[in-house]
Amino acid sequence: MIAQFNGFEINPVHSGDAWKICDFCVVNAYRLKRFFPKTLEQNLSPTLSQIFVDKKIKQFQNRDEFLFTLKDSETRELAALIYLKELDWQKKQGEFAYATDYNFEGQGLATKSIQILSEYAFNSLELESLQIIAHKENLSSIKVATNNGFKWQKTLLNEFSPPNEQVLDMELYELSYQNAL
């Protein structure tokens, strides 16, 4: 376990998570289809989810990408998925991406999770810079970034292509280890 707070816990993804991730993705498909289309398409059945989880475990072990789950400590219900991805070990930089189950939105869980995982990234992984990239209309994601001290850096033009949509500009927020102290 990475951390526990307010009856929730953050853990690295593990092989027993496949069913929960499948359920999470299917129930939240409308929330995931725009900004997490690959996660969604890789988790539309329990079999696909097991393949996804096995791949994510290997990536975690190889330090290529880290997928964390946020679960209710009592019910074990999956409340959020949090990625630490786009890792550049030369620059000591990584990017957070997160998706919260609609049943758990508005409770500050993503904000608290990013706070804890930022400390983990700086202290345990020895990263020096963290990023969050969000669309300007995704106010809850921007709030997670700013509430954790991430500062707006710039607009990334033509940064992301959601399925069946025009390419979107995205906003880049960063937190450096020095500023987090």
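**Briefing on a predicted protein model**

N164 sits in the loop between β7 (151-160) and β8 (168-176), where helices (H or I, at least four residues) and strands (E, at least two) are DSSP runs numbered from the N terminus. This is a predicted model, in which local features need pLDDT of at least 70 and side-chain atom pairs count only at pLDDT 80 or more, while totals for chains, interfaces and linings use all residues. Residues are numbered from 1 along each chain as its sequence is written, and side-chain values use heavy atoms, with hydrogens and water left out.

**Overall build**

- The protein has 7 helices and 8 strands, and its C-alpha trace spans about 40 × 40 × 30 Å along the principal axes.
- For 181 residues, a compact globule would have a radius of gyration near 16 Å, and the 16 Å of the protein agrees with this; the radius is taken over C-alpha atoms, and the globule rule is 2.2 Å times the number of residues to the power 0.38.
- Among contacts (heavy atoms within 4.5 Å) between residues at least 6 apart in sequence, 58% join residues at least 24 apart.
- Of the 181 residues, 48% count as buried, where buried means under 20% relative accessible area, exposed over 50%, and partly exposed in between (1.4 Å probe, protein chains only).

**Nonpolar cores**

- A nonpolar core is a set of buried Ala, Val, Leu, Ile, Met, Phe, Trp, Tyr and Cys residues joined through side-chain atoms within 4.5 Å.
- The largest nonpolar core has 35 residues, and those with the most contacts inside it are F68, L70, I82, L84, F96 and F150.
- Helix α5 (residues 109-123) gives the most to this core, with 8 residues.
- Apart from it lies another core, of 17 residues, among them C25, L67, L78 and Y83.
- Leaving aside residues up to four places away in sequence, F68 touches a set of residues including I2, I10, F60, I82, L84 and Y120.

**A buried loop residue**

- L127 is found in the loop between α5 and β6 (129-134), and L127 counts as buried because its relative accessibility is 1%.
- Although L127 and L87 are 40 residues apart in sequence, their C-alpha atoms are 9.0 Å apart in space.
- Beyond residues up to four places away in sequence, the residues that L127 touches include L84, L87, W89, F122 and Y177.

**Positive phi outside glycine**

- N164, which is not a glycine, has a positive phi of about 60° and is exposed, with a relative accessible area of 84%.
- R63, found in the loop between α4 (46-62) and β3 (66-72), has a positive phi near 60° and is partly exposed, with a relative accessible area of 35%.
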